[in-house]
Amino acid sequence: MAILTYREALNRAMVEEMEKDPSIYLMGEEVGHYQGAYKVSQGMLDKFGEERVIDTPISENGFAGIGVGSAMVGLRPIIEFMTWNFSLVAIDQIINSAAKMNYMSGGQFPMPIVFRGAGGAGGRLGAQHSQAFESWYAHCPGLKVVCPATPKDAYGLLKSSIRDNNPTIFIESEVLYGSKGEVPEQEYTIPLGLGEIKRKGTDITLITWSRALGFAEEAASILEKEGISVEIVDLRSLRPLDENLIYESVKKTNRAVVVEEGWPVAGFGAQIAYLIQKNAFAYLDHPVERVTQMDVPMSYAANLERMSLPNATRVADTIREMLQ
Amino acid sequence: MVSSIPKDSQSVSELKEFYRQMVLIRKFEEAAAKAYSVGKIGGFLHLYIGQEAVGVGSIAALTPKDYIVSTYRDHGHALARGLNPKPLMAELFGKGTGISKGNGGSMHFFDRNAHFMGGHGIVGGHISLAAGIAFASKFKKEDSVTICFFGEGAANIGSFHEGLNLAAIWKLPVVFICENNHYAMGTPEYRALAVKDVSVRAYAYDMARDHIEGDEVRKVRDHVQVAVERARRGEGPTLIEVSTYRFRGHSMSDPAKYRTKEELEAYKKKDPLMRARHELELGGIKTEELDKMDLEIQTQIEEAYEYAETSPEPPLSQLHKHVYAEDK
Ligand SMILES: Cc1ncc(C[n+]2csc(CCOP(=O)(O)OP(=O)(O)O)c2C)c(N)n1
């Protein structure tokens with residue numbers, strides 16, 4: 001096993017896929033000459049040339065549309081948004097074009113495109129640069145939504161996303177780019193829609209994805225010392241969703257809490273809570289709880305940012321209350 | 001009316017074919033309007049009546065390997081591409097035999113084989129899709145050209161500017177055709193365009209431009225041809241503004257009270273169908289022959305109507321189909 005950073009794992013996945021399939025290209029702001037705003041595409045311009053690693057002007061709507069149009073005629077674009085905050089000016093192309101091209105054409109136009117880039121909150125970037133948008137995209141049928149938390153998952157899931165014939169929203173965690181983890185040397189993929197138990201436990205199921213996995217693991221370690229055994233389900237992709245993994249775990253622990261980086265109202269955690277009460281109601285000893293970002297835009301002030309984001313303490317507190 | 005008389009038998013037969021296509025579009029849409037008014041067609045129905053010479057002339061400049069991207073006003077473009085009126089009418093009727101299996105409707109005709117890359121419903125959003133298709137042609141080193149139709153209303157949205165700029169910096173093989181019918185729904189161009197001539201916006205992107213009247217079908221073809229050839233030579237995109245007029249409202253639900261009768265009548269005198277007919281007669285085609293052609297087309301449309309009406313609705317099992325593409 002090699003130890004790679006999250007960004008290196010993503011880079012390796014893209015490079016390997018592009019070496020195999022000449023119809024794949026990477027497009028976005030600063031992906032080429034600058035080597036990527038977050039250096040995810042480091043070295044790729046040299047390897048593949050300007051025809052396949054393509055710098056764009058600042059025009060998210062435009063190049064998202066270029067990606068969609070080119071995917072209609074057989075290319076397999078990887079469109080990088082510098083961060084997902086800027087995807088909002090391209091959301092028309094993502095939702096109105098990419099997500100329903102196959103459906104509204106009666107199955108004539110599959111859409112093998114990956115939209116990827118940095119997402120999530122933190123780093124004192126303020127209200128416009130600290131946002132988790134997976135719930136927005138997961139709302140829309142026709143899209144797949146992938147949110148890896150570890151280098152190993154990032155690699156395997158990105159490869160599956162690139163090979164998928166559907167538009168994939170691949171949200172990388174900005175704060176995890178430098179995080180390290182073991183990545184098998186052998187090539188592998190992780191099917192979209194397959195979650196993973198990241199920690200086994202018996203008292204409560206903690207459901208999470210992406211960066212919030214870190215809060216969950218920290219909380220679980222704290223609680224372990226108090227004799228509370230937490231099971232952690234990392235969904236890894238929200239669409240498709242590994243529902244059975246959730247129910248199997250809840251059947252064992254009889255309690256569930258969702259931890260997510262995004263806002264609470266109409267957040268993805270609300271959907272999970274609904275599904276659990278609908279499909280595993282008989283197994284519940286407590287209402288499903290959620291730990292989310294506070295229902296406010298992100299503040300710049302360090303203390304307010306800290307307060308706004310979910311963290312291990314809040315997760316642990318919530319679980320203690322649920323077990324009382 | 002200054003008429004250009006077709007000079008030889010080849011240009012007569014060419015004009016005859018253009019006339020046939022324009023009549024086909026006109027009659028198709030008249031039938032659609034009728035079906036709409038008795039509730040057989042739902043949703044929005046944006047008719048192309050009056051603009052036929054633009055679609056027919058432009059698409060005549062293409063070869064089968066070229067691509068067409070359209071708006072919600074897509075019937076004329078699809079028919080000009082040679083698509084069979086039967087599955088088109090069936091699509092309007094929401095039938096499983098429709099060109100998009102009934103999932104698309106009036107605004108979303110798609111035909112992959114014909115390189116008819118869809119009618120699209122978000123004003124201007126499809127402009128960058130067209131650039132993307134052209135991008136793919138260049139990427140794959142194929143010499144296909146993409147043409148993209150849109151209205152002057154679309155020229156005011158961000159995606160127009162982004163799409164044109166990207167196409168220009170990368171010299172993509174695409175021709176942007178602005179069908180300026182002078183109204184975006186109820187908004188006349190003078191209330192929406194700071195500079196009235198859309199084609200001069202090409203200067204902002206160092207792009208070739210052209211501006212023509214859209215009532216003379218062969219002239220449209222000739223001008224679009226120049227742009228298509230430029231694109232095919234790798235010399236980049238062109239923005240062409242074609243001045244035209246829609247005789248109907250924006251859609252079937254629009255009585256178009258924002259314009260005067262006089263204005264409409266003046267434009268109707270420039271009806272591209274009448275013009276082509278007149279030119280054919282000057283070129284030696286007998287009125288009876290043209291009448292016979294009209295009648296044949298009428299029969300063809302009636303057959304399409306009948307086909308649409310008697311086709312089954314899509315199976316309910318289709319509801320969940322095609323949300324995602326089947327696995328490879
Ligand atoms: C982004 C967007 N805004 C508004 C609409 C509603 N709408 C549909 S067509 C139209 C007018 C467009 O006019 P123009 O581009 O000139 O084309 P025309 O209908 O004249 O062919 C409007 C406002 C839309 N479909 N998309």
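Buried area is the accessible area that two parts lose on being put together, summed over both. I kept that in mind while going through this predicted model.

**Interface**

I looked up the A–B contact first. Chain A and chain B bury about 3500 Å² between them. Carbon and sulfur atoms account for 63% of that area. I counted 48 residues of chain A in contact with 41 residues of chain B.

**Cores**

Next I checked the nonpolar cores. The largest has 86 residues. I noted the members with the most contacts inside it: A:Phe115, A:Ile276, B:Phe135 and B:Phe176. Helix H5 of chain B, residues 125-139, gives the most to this core, with nine residues. I then listed what B:Phe135 touches, leaving out residues up to four places away in sequence. A second, separate core has 67 residues, including B:Leu15, B:Tyr19, B:Ala35 and B:Val56.

**Pocket**

By class, the lining has 11 nonpolar, 12 polar and four charged residues. Strands E3 (146-151) and E5 (183-184) of chain B each supply at least two lining residues. The largest share, three residues, comes from E3(B).

Technical notes: Residues numbered from 1 in each chain as written. Chains lettered and ligands numbered in written order. Predicted model: local features only at pLDDT ≥ 70, side-chain atom pairs only at ≥ 80, totals over all residues. Heavy atoms only, no water. Helix = DSSP H or I, 4+ residues; strand = E, 2+ residues; numbered from the N terminus. Nonpolar A, V, L, I, M, F, W, Y, C, P; charged D, E, K, R; others polar. Core = buried A, V, L, I, M, F, W, Y, C linked by side-chain atoms within 4.5 Å. Buried < 20%, exposed > 50% of the residue type's maximum accessible area, 1.4 Å probe, protein only. Contact = heavy atoms within 4.5 Å. Buried area = accessible area lost by both parts, 1.4 Å probe.
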